[in-house]
Amino acid sequence: MDWPAFLTRQTPVRKSAVRAPVEQKASLSGSVVAYAQVGKPRWTPRRYDALAEEGFRKNVIAWRCISEVAKASASVPLLLYTEEHQELEQHPLIELLKHPNPLQSTSQFMESVYSYYNIAGNVYIEAIRPEDGASPVELYVLRPDRMRVIPGESGLPQGYEYQVNGRTVRWAADPITGASNILHWKAFHPLDDWYGMAPLEAAMAAIDQHNSASAWNQALLNQAARPSGALIYSPKDGPSQLSDEQFRRLKEELEDHYLSPRNAGRPLILEGGLDWKEMGLTPKDMDWLAGRKRAAQDIALAFGVPDQLVGISEAQTFANMAEARYMLYEETVLPLVQQFKGALNRWLTPMFDNTLRLEIDVDEIPALATRRDMVWDKIGKADFLTRNEKREAVGYPPETQV
């Protein structure tokens, strides 16, 4: 690709400054938060399986939103830099992210990370280290519903507990720094000190409405796609009510010969004294379609996915689809990847080298190419900026004289 002129010169290596040792301090409120919970595994305060079943497996809009965000986030490249802003193309950390474990590729690993974040609000990653102090050789994403946080006296977790099939595994965590072989990346939760709140949880009211509308539509199709009616028994003489035998036989006849889609349109033959009255409720009267669409829009809103990308909007052109894709990355994907990148820089990169850091390679995101070209062109034409000011404006370090 063609790079702007102010980015074509190689950046020289600068000497790193000596860092002063960081004093470890504990939060004064931490012990209050952990009071009466120290050492006891604390369960997630909601049913993860219910969220996953009703929100992810049974709702096509939520599934599509979570998949869109997860796939887009997993496609954002991560680059490794030194303190001097030198990119490292080969490093054990890069190889680990390329091959996190024997069962998953990079994209599969990252998709599971972002999917768990949206479904559960909590992501747990285990680092496999051959021995204490050694760099990790494998990374595994663990199911959030099987993991428990063990509160510590300082207000930080003193460990994590994983339960499956009656077996329990525990990992210790440093009570002061929180360092552990488990990374707990969580979303913000206003009412919980230990667990995050999933975007799926915020969307559940709209998901329930959407699922109910789909169930109602399915039931309507099962009844020949028309509203219910009433059978009125009004004989000219004799008892005014059906006998138990007559009622049972009539019910069996209707269920066997007139209900279900295969009997749609079949003429109804009534015996003397029975009259069919059509009911007045219709899908239009119930505003079913509009209500279902509003619920779908609320679901997409909770996940930060534009309507066009999940098939809600009627008018879908190339222009507004491209704009929707851009908005997905700008408003949802990049902030999410930035958070996860920060979590990796706090947890994973120090296991290799404290001077390393991961950064997002925004230039390799096709959806943002137009925006990037416009910014570079605008800055390149800004004659009132120096060369180093231009480089700083696009996220590059200044050039220094050797």
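My notes follow, entry by entry.

**Entry 1: the model.** I am working from a predicted model.

**Entry 2: aromatic pairs.** I began with the rings. A pair of aromatic rings is described by the distance of the centres and the angle of the planes. My count came to six aromatic pairs. I looked up Tyr-114 and Phe-340, whose ring centres are 5.6 Å apart with 75 degrees between the planes, an edge-to-face pair. Tyr-114 sits in helix α5 (residues 106-120) and Phe-340 in helix α10 (residues 318-347), so this pair ties together parts 226 residues apart in sequence. I found both Tyr-114 and Phe-340 buried.

Next I took Tyr-124 and Tyr-160. Their planes meet at 70 degrees and their centres are 6.4 Å apart, so I noted this pair as edge-to-face too. Here Tyr-124 of strand β3 (residues 122-128) is linked with Tyr-160 of strand β6 (residues 157-164), and the two are 36 residues apart. Tyr-124 and Tyr-160 are both buried.

I also noted a cluster: ring pairs link Tyr-114, Tyr-117, Trp-185 and Phe-340.

**Entry 3: a sheet.** I then traced an open sheet of three strands, which runs in the order β2-β1-β11 with antiparallel pairing. Its edge strands, β2 (87-88) and β11 (357-360), each pair on one side only. Strand β1 (residues 78-81) and β11 pair antiparallel over four bridges. In that pairing I wrote down Tyr-81, which stands opposite Arg-357 in β11.

Entry 4: Is His-189 buried or exposed? I found His-189 buried, at a relative accessible area of 16%, because the cut-off for buried is under 20%. His-189 belongs to the loop between β8 (182-186) and α6 (199-202). Its side chain reaches the backbone nitrogen of Leu-191 at 3.0 Å.

**Entry 5: helix α11.** I finished on helix α11 (residues 369-380), which has 12 residues. From first C-alpha to last, α11 reaches 16 Å, close to the 16 Å expected at 1.5 Å a residue.

Which residues of α11 are buried? I listed Arg-372, Trp-376 and Ile-379. These three cover an arc of only 70 degrees around the axis, which puts them on the same side of α11. The spacing made sense to me once I recalled a rule: an α-helix has 3.6 residues a turn, so residues three or four places apart point the same way. On the other side of α11 I found Thr-370, Met-374 and Lys-378 exposed. The buried residues of α11 pack against α12 (387-393).

How values were computed:
Residues are numbered from 1 along each chain as its sequence is written. This is a predicted model: local features need pLDDT of at least 70, side-chain atom pairs count only at pLDDT 80 or more; totals for chains, interfaces and linings use all residues. Side-chain values use heavy atoms; hydrogens and water are left out. Rings of Phe, Tyr and Trp (its six-membered ring) pair if their centres lie within 6.5 Å; planes under 30 degrees apart count as stacked, over 60 as edge-to-face and the rest as tilted. Buried means under 20% relative accessible area, exposed over 50%, partly exposed in between (1.4 Å probe, protein chains only). Two strands pair if DSSP finds at least two bridges between them. A polar contact is a pair of N or O atoms within 3.5 Å; within protein, one must be able to donate a hydrogen and the other to accept it, and residues adjacent in sequence count only if both atoms are side-chain atoms. The expected span of a helix is 1.5 Å times one less than its number of residues. The arc is that of the directions from the helix axis to the C-beta atoms. Contact means heavy atoms within 4.5 Å.
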